[in-house]
Amino acid sequence: MDFYFKTSDLSVGYNKSILIRDINIKLEKGKILTLIGPNGSGKSTILKSIARQIPAVCGSVYIDKMDILSCSLKTMAKTVSVMLTDRIHTDIMTCKDVVSMGRYPYTNIVGSLSDKDKEVIFSSLELVGMQEKAFQDFNTLSDGQKQRILLARAICQQPEVFILDEPTAFLDIKHKIELLDILSFLTREKKVTVIMSLHEIDLASKISDYMMCVKGDTIEGFGTPDEILKENTIEKLYDIEKGTYNMDFGSVELSKPEGTPEVFIVCGGGYGIPYFRALQKKQVPFAAGIIFQNDIDYQVASKLSDHVVSAPPFEPVTEELFNAAADLILKCDMVIDAGGNEGTFNHYNRKLLELAEKNNIQIKN
Amino acid sequence: MMLQNKTIKPNMKSSVRFTAVMIILTGLLVFGLILNINIGSVRISAKDVFSMTGKYVLYGIKNIFSGGKFQAELSAISNASTENQIIFSIRMPRMILAAVLGGALSVSGFLLQTFFRNPIAGPFVLGISSGAKMLVGITLIFLSGYIGYISPWMLVIAAFAGSLIITIVVVIFSGRVKNMSMLLVIGIMVGYICSAVTDFCITFANDHDILNLTGWSMGTFSGADWQSVGLSAVVCIPVFFICWLMSKPMEAYSLGEGYAKSMGIRIKPFCIILIILSSILSACVTAIAGAVSFVGIAVPHITRTMLKSSKPVYVIPASFIMGAVFCVFCDLLARTVFAPTEMAISTVTSIFGAPIVIYIMVKRRRQEG
């Protein structure tokens, strides 16, 4: 099958020394590819080489069978538009002036804007929700607003392929979501192909059709988010030793307290999470139980403690498990009753609490 | 940073505003030129000036189209009386020279500001004028001994070489420091070095050569004659048009190299052309009138503020006219305030220009901090 966007054995780097070799990207038209990887891994270098900001060391890049590394710069400008991490300093330029620079490849020698150009400029501003700021001085905008204006500039260039280097940097969560929504709108409605780098893995997995892990001098993986994001991929990619990354929820847990547990938390149904987090902050090792493996408490507890007594879902708690929990509880100095232990199906937790009381272990509610 | 809700009002379209500014500036220029002809140690009534100028221009045009048949009439007018002589061979070339070179200097400053993406850049503060002056000085002092006669063209070429070398030096150093104030420091230091070399050469020069040099090294339009007017017009006006034709890439370049590249600009040739054009303009000024300070910074700044825009398509022509106005008035002050003693042109331009530099620095610092 012939792909719309293709790199073949692309090697990138600076001053002819190769940083990352053998990059083979294959994308259909209108898809989103996100590059993830640690700082300094070369995501920007790859994006810049594809956008011809820096020369590629070897290999080629094709868009619709056209070799874009050797086509004219003007053709390139009409095909690919970029949003960079460069901070820009303007002097008396309105937002509209900045956005209208995107029309550069289409205007005449002195750059006068036709009615059609103006229409494109204002619809781009509208798309990023900045039409009211059109005549405001670009310098007076906040970083997030500047970012949106730069996105409008890139949209205004009416490209086939969009290359964005960390477009969500400087944006708050609302604007991150809005920006990614705009990108997915463009891919759906205008069939624009997007290649970008993101730091937010959770967002990346949700917006991307394909993801690529960049690390060291090779590509660690390329595929759909489901193929890429397997157990521990992120920890390995980013060399995370202390904290953990929860793939399902995209949430980060900080480093786990080490040592023999001092506190036992009797919990379930999400009641335990605030206690887990509080103990993590104080770096007090803890045990928790008895929770089902499909319980929300389990997602957090298993990342923050090595001593979680858990039962497989949809099965009754066995005697063995109860004894394991009882062993742990007797070694602890304190037991926390997180709540939610009154139900018919967690009588074993009530039994645990009774056991603690009998052995004069301090119980906190 | 506090965010003011500073809106650049859409009530006036930038093209309308540009036209208005151009009309005002042209009016001011005409006014300045008339004042310049009238005021001086010899007072000549405006009416006389108009009738004589009218005739002169008429014959001048006829002379051009007939291939020089009216030369006699032309010289008859200009030599008719002392007043006429003063007007046609002293004041007129001087004011036209001030206008053309003022415009050239402003555009040269604007090009450098575009290149360095820094409103504080200009041929004088970056030491480029001093570099040009250094080579002109060396040419006048040492080469004149060998060749005897030095044509103005040679001086322009020497000045161009000097400008270009110093610009390249500053570019190389400024590549290492991204800070705007450091660029200024480097420029000023390079300028001092060039001045030191020039002074050194003057110290060891013959008295005869220095005589040529002193008036010129102060910076003045007093040496103007029709030949230098012709030379500066031939050099500056075509260069000015080329600059104007480059205004589209210049605007794109103001967003930074990365974005400029992505819009299809070949950065290297673009930058080289920018530097060469700017060097030609500042070289022409320095070769003919000496180093003139601060015009290159002050004028583009005033122009941008007046236009409320930094679009090069508008700023370049407006800067040219504004520079002409600025220099014509400064020259008027230079020669009349303490008449019959003349001040150096830089004395006057510094008084108006240097505060503007301070203002820009303070404003920028506030924005960045």
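1. The largest nonpolar core holds 175 residues, and I163(A), L101(B), A159(B), C284(B) and V328(B) touch the most other members. A nonpolar core here is a set of buried Ala, Val, Leu, Ile, Met, Phe, Trp, Tyr and Cys residues joined through C-beta atoms within 7 Å. Buried means 20 or more other C-beta atoms within 10 Å of the residue's own; exposed means 12 or fewer, and partly exposed lies in between, with C-beta atoms placed from the backbone. Helix α14 (residues 312–336) of chain B gives this core its largest share, 17 residues. Helices (H or I, at least four residues) and strands (E, at least two) are DSSP runs, numbered from the N terminus. Another core, of 31 residues, lies apart from it and includes I265(A), I290(A), V300(A) and L328(A).

2. A word on the source. This is a predicted model: local features need pLDDT of at least 70, side-chain atom pairs count only at pLDDT 80 or more, and totals for chains, interfaces and linings use all residues. Residues are numbered from 1 along each chain as its sequence is written, while chains are lettered from A and ligands numbered from 1 in the order in which they are written.

3. L101(B) deserves a look. Leaving aside neighbours within four places in sequence, L101(B) contacts S232(B), V285(B), I288(B), A289(B) and C327(B). Contact means that the C-beta atoms of two residues, placed from the backbone, lie within 7 Å.

4. Chain B has 15 helices and 0 strands. Of its 369 residues, 47% count as buried. Among contacts in chain B with a separation of 6 or more, 77% join residues 24 or more positions apart.

5. Chain B is divided into domain 1 (30–80) and domain 2 (99–368). Domain bounds come from an automatic or database domain assignment. The C-alpha centres of these two domains of chain B lie 31 Å apart. Their contact takes 7 residues from domain 1 of chain B and 7 residues from domain 2 of chain B. On the domain 1 side, 3 residues are nonpolar, 4 are polar and none is charged. In this scheme Ala, Val, Leu, Ile, Met, Phe, Trp, Tyr, Cys and Pro count as nonpolar, Asp, Glu, Lys and Arg as charged, and the others, Gly among them, as polar.

6. Next, the interface of the chains. Chain B gives 31 residues to the contact and chain A gives 31 residues. On the chain B side, α10 (247–253) and α11 (257–262) are the elements that give two or more residues. That side has 10 nonpolar, 11 polar and 10 charged residues.

7. Chain A is divided into domain 1 (5–239) and domain 2 (263–364). Their C-alpha centres lie 47 Å apart.

8. An open sheet in chain A has 5 strands, in the order β16-β15-β14-β17-β18, with parallel pairing. β16 (307–311) and β18 (362–364) of chain A stand at the edges with a single partner strand each, so one side of each is left without a neighbour in the sheet. Neighbouring strands of this sheet are turned by 20° against each other on average, direction ignored. Strands pair if DSSP finds at least two bridges between them. Strand β17 (residues 334–337) of chain A pairs with β18(A) over 3 bridges, and I336(A) stands opposite K364(A).

9. Helix α12 (residues 319–331) of chain A lies across β14 (263–266), β15 (286–292), β16 and β17 of chain A, at about 160° to β16(A). Axes are lines fitted to C-alpha atoms, for helices over the stretch in contact, and angles run from 0 to 180 degrees between N-to-C directions.

10. Check the peptide bond between G289(A) and I290(A). This bond is cis, with omega about -15°. I290(A) is found in strand β15 of chain A.

11. Strands β10 (residues 210–215) and β11 (residues 218–223) of chain A pair in the antiparallel sense over 5 bridges. C213(A) has G221(A) as its bridge partner. The hairpin has 2 residues between the strands, and G216(A) takes a positive phi near 60°.

12. Two residues other than glycine have positive phi. K16(A), at about 65°, is in the loop between β1 (5–14) and β2 (17–23) of chain A. K16(A) is exposed, with 9 C-beta neighbours inside 10 Å. F170(A), near 75°, is in the loop between β8 and α6 of chain A. F170(A) is partly exposed, with 16 other C-beta atoms within 10 Å.

13. L171(A) lies in the loop between β8 (161–165) and α6 (173–189) of chain A. L171(A) is buried, with 20 other C-beta atoms within 10 Å. Not counting residues up to four places away in sequence, L171(A) touches G144(A), Q147(A), K176(A) and L179(A).
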